[in-house]
Number of protein chains: 2
Amino acid sequence: MIETPYLLFLGDAPDMLAAKVAIGIRDWRPENAVGQISLPGCGANLGLTEMSLAEGREAGARTLVIGVANRGGIISAKWKEVLIEALEMGYDLASGLHNLLRNEPDLVAAAAQNGRALHDVRIPSVQYPIANGEKRTGKRCLAVGTDCSVGKMYTAMAMERDMTARGMKATFRATGQTGILITGGGVPLDAVIADFMAGSIEYLTPDNDPDHWDMIEGQGSLFHVSYSGVTLALIHGGQPDALILCHEPTRSHMRGLPGYTLPSLEALRDMALPLAQVANPACRVAGISINTQHMSEEEARGYLAEVSQRMGLPATDPYRFGADVLVDALAGL
Amino acid sequence: MIETPYLLFLGDAPDMLAAKVAIGIRDWRPENAVGQISLPGCGANLGLTEMSLAEGREAGARTLVIGVANRGGIISAKWKEVLIEALEMGYDLASGLHNLLRNEPDLVAAAAQNGRALHDVRIPSVQYPIANGEKRTGKRCLAVGTDCSVGKMYTAMAMERDMTARGMKATFRATGQTGILITGGGVPLDAVIADFMAGSIEYLTPDNDPDHWDMIEGQGSLFHVSYSGVTLALIHGGQPDALILCHEPTRSHMRGLPGYTLPSLEALRDMALPLAQVANPACRVAGISINTQHMSEEEARGYLAEVSQRMGLPATDPYRFGADVLVDALAGL
């Protein structure tokens with residue numbers, strides 16, 4: 001686990017798009033961020049209090065999180081000045097960058113001298129077991145998508161937030177870099193060795209209270225040929241009690257695969273549910289989450305009503321209209 | 001690729017069961033083995049010519065293959081005497097052992113001094129791409145199973161042998177340690193990083209002649225929750241034109257999963273074919289391969305006739321009765 005709260009390092013990010021991780025932390029775990037720190041020329045601004053490293057420490061920050069994508073794939077000398085000073089002041093560092101903190105000798109040396117940790121969340125830090133398929137106590141919900149990047153993480157996050165607000169027991173379980181940095185822990189599933197994928201998800205979602213829900217972050221899609229194996233490992237390792245079907249209706253082809261059209265929500269249901277029932281015969285499709293960001297509000301509401309009626313399931317855009325109908329569905333299971 | 005032919009090192013294997021890899025090489029690629037070499041007390045005997053290292057070199061051997069599982073998970077001092085002498089005599093070494101040759105400093109030093117290669121086939125030696133899903137030329141056949149270890153490798157091997165004997169163009173494509181050592185190359189899929197699984201299979205089965213068949217070694221099962229993600233990556237990376245359904249009818253539960261019963265062949269067909277058609281809409285189920293090792297000949301023939309009639313597909317035990325009916329089915333596609 002990464003120690004919270006964080007100070008969010010925005011570096012010299014050219015724009016807000018480069019600050020996706022920091023935005024996710026601000027939106028979903030505001031209590032995890034005491035403030036932000038930028039370098040001159042930074043084009044991103046989260047609207048949090050701008051702090052020096054010393055001010056961040058005074059505000060209680062334990063970890064400096066690199067909340068931005070870096071330019072050119074290297075950790076620049078300008079960044080390193082700040083990162084090394086942070087280690088000397090007692091911060092741990094956490095990063096989801098492809099170029100790893102642990103591969104930078106000066107950062108490794110400064111961390112060792114100061115007894116601090118370097119968290120590279122792209123790399124598993126645990127020797128995961130092979131999945132044993134044994135039924136676990138507690139309940140689990142998994143978002144599955146017609147494609148990659150259709151809103152599976154936001155769906156699980158939004159549902160967890162509404163469930164917690166209602167007094168239900170729920171824990172978001174991160175399976176990707178962004179989710180891990182937002183919450184401080186999880187499994188970087190795309191970097192796990194093939195034989196241990198399902199086992200890593202069993203490890204992530206252990207026995208729990210009978211009325212506790214693990215809200216597992218989905219990855220990939222059964223219909224995305226590049227990553228479908230990762231998705232099936234999630235389905236079988238997570239042994240979900242409930243599936244949420246996720247879809248982005250305006251997309252013209254599968255992400256990164258111009259020759260592949262998206263499946264229908266019905267096709268997703270008919271593929272995912274029998275596979276999920278291999279691990280958990282009681283699994284149900286509980287609802288539908290639609291990413292309506294490219295639709296007007298009128299279009300979005302019309303589409304949701306049509307889909308809900310057609311499939312006999314609650315449907316919402318949880319980011320735009322709230323997750324209530326999906327949480328109602330879980331509460332009834 | 002591992003240089004052939006081989007001299008097969010049997011070490012001090014306690015019995016034939018420990019010599020699975022060597023047996024596979026003898027049975028499926030006899031032209032790859034010039035002979036065998038044993039230590040005193042060896043309980044395995046392949047019936048090949050017993051040779052010294054020098055005799056093996058004179059017979060043309062390029063690589064000493066460790067064809068046995070070792071005792072206690074370590075490469076013993078007795079083994080190392082032979083392995084180091086082999087490196088000094090110009091052999092490469094190849095091994096599928098969990099304890100890696102490359103982690104033994106004395107072997108690494110001897111290999112470096114003599115300019116020889118150490119092949120640890122459990123570990124990928126290639127940086128595989130992410131799958132792009134593009135349609136490739138040539139044809140591909142994949143064996144999928146109701147469970148792990150039901151005969152998928154032997155099915156693909158037997159079909160390749162019969163196809164080659166008929167003058168058809170066919171190449172067995174290994175995806176596991178044993179298959180890689182038998183044929184000299186392949187992808188150790190269970191050790192590949194999740195994001196690159198499907199891409200590794202695209203890499204393994206590239207564009208080919210329109211009438212060439214890649215006979216891809218299957219792994220795991222869509223119904224085996226520990227490894228199903230690996231299986232789906234094979235299905236989507238391999239984009240097969242033909243599936244062969246594999247089954248072992250006497251098994252009481254899924255291998256290693258006491259709580260899980262085996263699916264029917266019909267359930268396997270209905271799960272695997274729609275998934276395969278995501279990557280290749282023209283994919284067909286071409287036939288059925290039954291592992292009848294625990295049935296009498298009469299039982300086996302009766303079972304095959306019943307299954308073939310019930311499912312409307314050719315069915316055989318290719319190891320016991322030959323692969324002809326399966327090859328006929330591919331020849332008609």
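Q: Which residues are buried in helix 8 of chain A?
A: Ser228(A), Gly229(A), Val230(A), Thr231(A), Leu232(A), Ala233(A), Leu234(A), Ile235(A), His236(A), Gly237(A) and Gly238(A) are buried there. Buried means under 20% relative accessible area, exposed means over 50%, and partly exposed lies in between (1.4 Å probe, protein chains only). Helices (H or I, at least four residues) and strands (E, at least two) are DSSP runs, numbered from the N terminus.

Q: How many residues of helix 8 is that?
A: 11 of its 11 residues, so the helix, residues 228-238, is mostly covered.

Q: Before we go on, what kind of model is this?
A: It is a predicted model: local features need pLDDT of at least 70, side-chain atom pairs count only at pLDDT 80 or more, and totals for chains, interfaces and linings use all residues. Residues are numbered from 1 along each chain as its sequence is written, chains are lettered from A and ligands numbered from 1 in the order in which they are written, and side-chain values use heavy atoms, with hydrogens and water left out.

Q: Back to helix 8 of chain A. What covers its buried residues?
A: From chain A, the cover includes strand 6, helix 7 (197-204), strand 8 (212-216) and helix 9 (265-279). From chain B, it includes helix 7 (197-204) and helix 8 (228-238). Contact here means heavy atoms within 4.5 Å.

Q: And what comes just after helix 8 of chain A?
A: Gln239(A), which takes a positive phi of about 35°.

Q: Which serine has a positive phi in chain A?
A: Ser149(A), with phi near 55°, and it is a residue other than glycine. Ser149(A) is found in the loop between strand 6 (139-145) and helix 5. At 42% relative accessibility, Ser149(A) is partly exposed.

Q: What about Ser149(B)?
A: Phi of Ser149(B) is also positive, near 55°. Its place is the loop between strand 6 (139-145) and helix 5 (152-165) of chain B. Ser149(B) counts as partly exposed, at 41% relative accessibility.

Q: New topic. How many salt bridges are there over all chains?
A: The structure holds 40. A salt bridge is a side-chain nitrogen of Lys or Arg within 4 Å of a carboxyl oxygen of Asp or Glu.

Q: What does Glu160(A) pair with?
A: Arg29(A), with the closest N and O atoms 3.1 Å apart. The pair links distant parts of the chain, 131 residues apart. Glu160(A) is in helix 5 (residues 152-165), and Arg29(A) is in the loop between helix 1 (20-28) and strand 2 (33-38).

Q: Are those two buried or exposed?
A: Both Glu160(A) and Arg29(A) are buried.

Q: What about Lys80(A), which residue is its partner?
A: Asp106(A), at 3.2 Å between the closest N and O atoms. Lys80(A) lies in helix 3 (residues 77-88) and Asp106(A) in helix 4 (residues 105-114), so the pair ties together parts 26 residues apart in sequence. Lys80(A) counts as buried because its relative accessibility is 14%. Asp106(A) is partly exposed, at 33%.

Q: And where does Arg166(A) meet Asp328(A)?
A: In a salt bridge between their side chains, 2.7 Å from N to O. Arg166(A) lies in the loop between helix 5 and strand 7 (169-173), and Asp328(A) in helix 12 (residues 324-331), so parts 162 residues apart in sequence are tied together. Arg166(A) is partly exposed at 38%, and Asp328(A) is partly exposed at 41%.

Q: Last one: which residues do salt bridges with shared partners join into one network?
A: Lys80(A), Glu104(A) and Asp106(A).
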